[in-house]
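Student: I've got a structure open and would like to go through a few of its residues with you. Can we start with one spot and move on from there?

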Amino acid sequence: MHALILCPFEAESIGLLRQSMRVSHESWTETQRLYHPLELAERINEEAVTAVVVESDFVFEDTLELTPGLRFVGVCRAAVNHVDVEYATAQGIVVVNTPGRNANAVAEHTLGLMLALARRIPAAHRYVQAGEWQAPTEPYIAFQGVELRGRTAGIVGLGAIGRRVAEMCVALGMKVLAYDPYAEGLFDGVESVSLEGLMSSSDFVCVHAPLTGETEGMLDARMLGLMRRRAYLVSASDAAVVDQHALADVLKERRIAGAALDVFESHPVSPQNPLLGLDNVILSPHIGGATEETVRRHSQMMTSDLLRFGRGEMPVNIVNRDAWSRARA
C-alpha cells in the first residue's frame with residue numbers, strides 16, 4: 001500500500017503506518033493549498049497511491065473515475081460530504097471517516113462561548129485594552145454578568161458534541177433540556193423536551209444539530225421568537241440550521257440578550273453580514289475543533305483503520321459497507 005495523507009497528522013501515527021506501508025504526508029495547513037480534482041488524480045496515479053486521506057480536500061467523481069488503483073479514501077472528519085461516497089461505493093472504494101474526533105474540542109469551545117456571553121469577557125477585554133477603565137468601580141456595574149450554575153441549557157442535537165456539552169452543563173449545575181427526535185439513551189440530568197419547549201425555557205440555547213433537509217432553517221423567526229429576552233444562543237452547528245437574517249433581527253431589536261457563533265454562511269464572513277455590526281454578538285472563525293487533541297484523535301482513528309484495511313480486515317469506521325463487499329468479491 002501507498003498512503004497519501006493531505007491533512008494534519010500525528011508524527012507517531014505516521015511512524016506506525018510506515019512500518020506497514022509507504023506513506024507520503026503533506027498537510028494543507030502547512031502548504032495552504034487544496035488540490036484541483038484533476039491534479040489530485042494525476043498525483044495519485046503517478047505515485048501509485050492506493051489510499052488517500054483528506055480533511056479539507058475534495059475527492060469527487062472527477063478524481064475517482066481517473067484513479068483505478070485507488071482503494072481507500074479516508075476523511076478526517078465526521079461528515080463525508082467531501083467525498084462522492086455513492087461513486088466510490090460503485091467502484092469498490094472504501095470510504096472511512098473519524099466520527100467524534102472533535103466532539104470534546106467543540107464542546108469545550110461551546111462552553112467557552114457560553115461563559116464569554118455570560119460574563120461579557122470580550123467586551124471587558126476591549127474596555128481595559130482601550131484605556132477606558134478609569135473609574136475603579138465602574139466595570140463592576142457595567143459588566144455585571146450571570147452565572148451558569150442554576151441556569152437552564154437547551155441542547156439542540158444530541159450527537160457526540162451535543163452529548164458532551166450536556167455532560168459539561170450538568171457538571172456545572174445547570175438544568176439541561178434536550179431536543180433530538182433520534183437520540184437514544186438520555187443520561188441523568190438531561191430532560192427530553194419539544195423544540196418549542198426548549199426554545200421558550202432555556203437561558204442558553206446551544207445548537208449542535210447536523211445539517212439535513214429536516215434541520216435546514218429549523219431555528220427560524222418563529223422559533224427564535226420563543227426565546228426569553230435574557231436568553232443567549234450559541235451555535236457550533238452548520239450556519240444553515242439557524243436563519244441568520246432572523247437571528248440578526250432579534251439581536252438588533254434586543255429580543256434576546258446575545259449570541260455566539262462559530263459557523264457562518266461563507267468563509268470568510270461577508271463584510272455585509274449584519275452580525276458584524278452588533279455589540280451583543282461574539283464571533284469566532286470556525287475554530288471549535290482546532291485543537292492538538294483533535295489531530296491526535298483523528299490520526300489514531302485513521303491509522304487504526306488503515307492498518308486494518310492493509311491486513312484485509314474491514315475498517316471500524318467504514319462509511320460504505322457495500323464497497324467492502326464489492327472489494328472482497
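Student: What does serine 192 touch, not counting residues up to four places away in sequence?
Tutor: Bearing in mind that this is a predicted model, serine 192 touches Ala178 and Leu186 once residues up to four places away in sequence are set aside.

Student: New topic: is histidine 82 buried or exposed?
Tutor: Histidine 82 counts as buried, because its relative accessibility is 10% and the cut-off for buried is under 20%; this residue is found in the loop between strand 4 (72-75) and helix 5 (85-90).

Student: Which backbone oxygen lies 3.2 Å from a polar atom of its side chain?
Tutor: That is the backbone oxygen of serine 56, and serine 56 is also among the residues that histidine 82 touches beyond four places in sequence, the others being Glu55, Asp57, Phe58, Val59, Phe60 and Arg77.

Student: OK, the largest nonpolar core: which residues touch the most other members?
Tutor: Of its 30 residues, Met199, Leu219, Leu224, Leu233 and Leu247 do. Helix 10 (195-201), strand 9 (204-207), helix 11 (221-224), helix 12 (244-252) and strand 11 (258-261) each give two or more residues to this core, and helix 12 gives the most, with five.

Student: What is leucine 219 in contact with, leaving aside neighbours within four places?
Tutor: Its contacts are Leu195, Met199, Val207, Leu224, Leu233, Val241, Val242 and Asp243. There is also a second, separate core of 26 residues, including Leu113, Leu148, Met168 and Phe204.

Key
Residues numbered from 1 in each chain as written. Predicted model: local features only at pLDDT ≥ 70, side-chain atom pairs only at ≥ 80, totals over all residues. Heavy atoms only, no water. Core = buried A, V, L, I, M, F, W, Y, C linked by side-chain atoms within 4.5 Å. Buried < 20%, exposed > 50% of the residue type's maximum accessible area, 1.4 Å probe, protein only. Helix = DSSP H or I, 4+ residues; strand = E, 2+ residues; numbered from the N terminus. Contact = heavy atoms within 4.5 Å. Polar contact = N/O pair within 3.5 Å; in protein donor to acceptor, adjacent residues only side chain to side chain.
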